[in-house]
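Reader: I am new to this structure. Could you walk me through it?

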Amino acid sequence: MSKRIIGIDLGTTNSLVAVWENGKSRLIPNMFGEYLTPSVVSVGEDGTIYVGKAAKERLISYPDSTASVFKRHMGTNKEYFLGGKRYLPEELSALVLKKLKEDAERYLGEEVEEAVISVPAYFSDMARNATKRAGTLAGLKVERIINEPSAAALAGQEQRPEEDAVSLVFDFGGGTLDVSLVECFDNVIEILAVSGDNRLGGEDFDEKIAQYFIQKQNLDAGKLSVETYAVIKKSAENCKRALTENKKADMVVNCPDITAKMEISRKDVTQICLDLFERIGKPVFRVLMDAKVTAESIHNIILVGGSCKMPIVQQYLIHILNRKDLEIREPDHMIALGCGVCAGIKERNEDVKDMLLTDICPFSLGIGISDARFPRQTEQLMAVIIPRNSSLPISKEETYVNAHDYQKKICVRVFQGEAMYTRDNIFLGQMEVEIPPMPAGQVICLVRFTYDINGVLQINMHIPLTGEKKQLVVVNSELGMTEEEVREKLKEYEKLKLSPAKDEENQYVLMWGERLYMQCDGEFREEILRRMQYFRYMMEKDPYQIPKVRKYLTVFFAYVEGAMEHYVSVDSSLLQDADWYDEEDEETDQSFKNWNEEDDE
Ligand code: ADP
Ligand code: MG
């Protein structure tokens, strides 16, 4: 069998890995049997690196040595200092990729050397290159980067491979909304238009519910402490999630200065969030307009992202798109499943329909020119060669002439961006050729831009008069790491001490306990500590008992977690009126027995 290729959804909050298997795309579970691995990295005191679930627990207990949401800064030089070492976003991403690669190798029972990784459609060239470097650092060859909406559409298409269809991909996450129209036609997948609102997400709903609560309780918003507001917002989010399951929910806030409960319904939330819905509608209408497609001619509506789980969001989409209903599959899985399909295509599997992925270029690419009509103007103008929203691959040539009398050379400076002046756009590279000194307008220079779907930009210039030709391939070395650095780092990464997989579940439980310890107080703390000490003791003393003790501990922690969610802050007063402790213990004993029996089967 040929070498396996995996598909990876490298997400802001969570990452997933998929593979093409037995004629379909399949998600690969991690050590916990879960598909979602938190995109969080943490460095322990002894230098051990934790990635995923265990690292996420450390966000609260060890915020200084833990990093999350670094995807937002991909391709920049933003620095994260963890355990006294400096990390770039691409390095942190590399650690997440390395983890997913390990999970995939364990699942497949073979080595994996190549991956297809998805990125947002609006990712700049730099962010795309940084994503590839992250792959290299993780020991993965990444030839193909796929846009997230294309991946989601591929996953949607997998259901009915025989049909040509226009899909609306609606990706609504925690802080961003991305809407894309994707066409699958005759083996070609093409993005027709993209739009979005990069400041609209699930968090805005939390904010609204929190404000509503403050208003209903007659609280003075200006006087609330930062901590109190954070508690209110967290409980607003819990309440929002509860409303996904039920039509009504209680919002409970219990912290030193406030004890209050408020009932809220889906209808209330719809009322107080009307302006958010209006903002949700805008990019949807924009893509339809840009692509000149009517709402009726959309075949699939593909929901992606956690905020799509809200029934009121689904209802609103049904309303504005004139549907009877929506066909909903797990919004968290769509992109990864599509990456799995793409991996299958790349592996050249016979059981997957060979699709040619075309993408669009989410930004304009061009060169800096002087406007001959205004010779005294020194600012260079941006002359766009490949306009934003062009389908890829694309190759386009433009003709320019010398701007000044008897100038000796022509310099082609390449930029990316939408601003009028090049100074406000991103500089990608430059090249120069000498020309014979002649009056302005007499030396012709042809400039060709070729941009492929793997994000490689090639620029060719040609002076017909002299026959001179030059080529530039854009590799961004200013931001992120240079190739040299990647090679150096790679050696370093091979030696990195990643938390061993077999130990992962234990580490996770320990970190979970540490976080709970921080969030509780009084007798709860003592109890957590006592049980954790026992667990640590067993880890050394009797490895065979570990799974048993761990399960026991997990049940206890889940109980504490539940109590915390309900009361928001857990204090010892809870212990007094509740005889939960003994009763619960009996219960856990019982459930523990059940588990055991299951295990024996
Ligand atoms: P990202 O922004 O990283 O792409 P996600 O797609 O995971 O994130 O979406 C995160 C958002 O989804 C958060 O605002 C979260 O509150 C919301 N969310 C997750 N699950 C639910 C649910 N069951 N009901 C309502 N909102 C949810
Ligand atoms: Mg997302």
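This is a predicted model: local features need pLDDT of at least 70, side-chain atom pairs count only at pLDDT 80 or more; totals for chains, interfaces and linings use all residues.

Reader: Which residues come nearest to ligand 1?

Author: Ligand 1 has 15 residues around it. From that group, the ones that come nearest are Thr 13, Gly 174, Glu 237, Lys 240 and Thr 244.

Reader: How many Å is the polar side-chain atom of Thr 13 from an oxygen atom of ligand 1?

Author: Let's go through some polar atoms beside the ligand. Gly 174 places a polar backbone atom 2.7 Å from a ligand 1 oxygen, and Glu 237 has a polar side-chain atom 2.6 Å from an oxygen of ligand 1. For the side chain of Thr 13, the distance to a ligand 1 oxygen is 2.2 Å.

Reader: Which helix gives the most to the shell around ligand 1?

Author: Two helices to look at are helix 5 (202-216) and helix 6 (226-245), each supplying at least two residues of that shell. With four residues, the one that gives the most is helix 6.

Reader: How many residues of the shell around ligand 1 are polar?

Author: The shell divides by class into one nonpolar residue, five charged residues and a polar group. That polar group numbers nine.

Reader: Are helix 4 and helix 10 roughly parallel or roughly perpendicular?

Author: The axes of helix 4 (residues 148-159) and helix 10 (residues 334-346) come within 7 Å and cross at roughly 80°. Angles of 65 to 115 degrees count as roughly perpendicular, so helix 4 is, relative to helix 10, roughly perpendicular.

Note on methods
Residues are numbered from 1 along each chain as its sequence is written. Chains are lettered from A and ligands numbered from 1 in the order in which they are written. Side-chain values use heavy atoms; hydrogens and water are left out. Axes are lines fitted to C-alpha atoms, for helices over the stretch in contact, and angles run from 0 to 180 degrees between N-to-C directions. Angles under 35 degrees count as roughly parallel, over 145 as roughly antiparallel, 65 to 115 as roughly perpendicular and the rest as oblique. A residue is near a molecule or strand if one of its heavy atoms lies within 4 Å of it. A polar contact is a pair of N or O atoms within 3.5 Å; within protein, one must be able to donate a hydrogen and the other to accept it, and residues adjacent in sequence count only if both atoms are side-chain atoms. Ala, Val, Leu, Ile, Met, Phe, Trp, Tyr, Cys and Pro count as nonpolar, Asp, Glu, Lys and Arg as charged, and the others, Gly among them, as polar.
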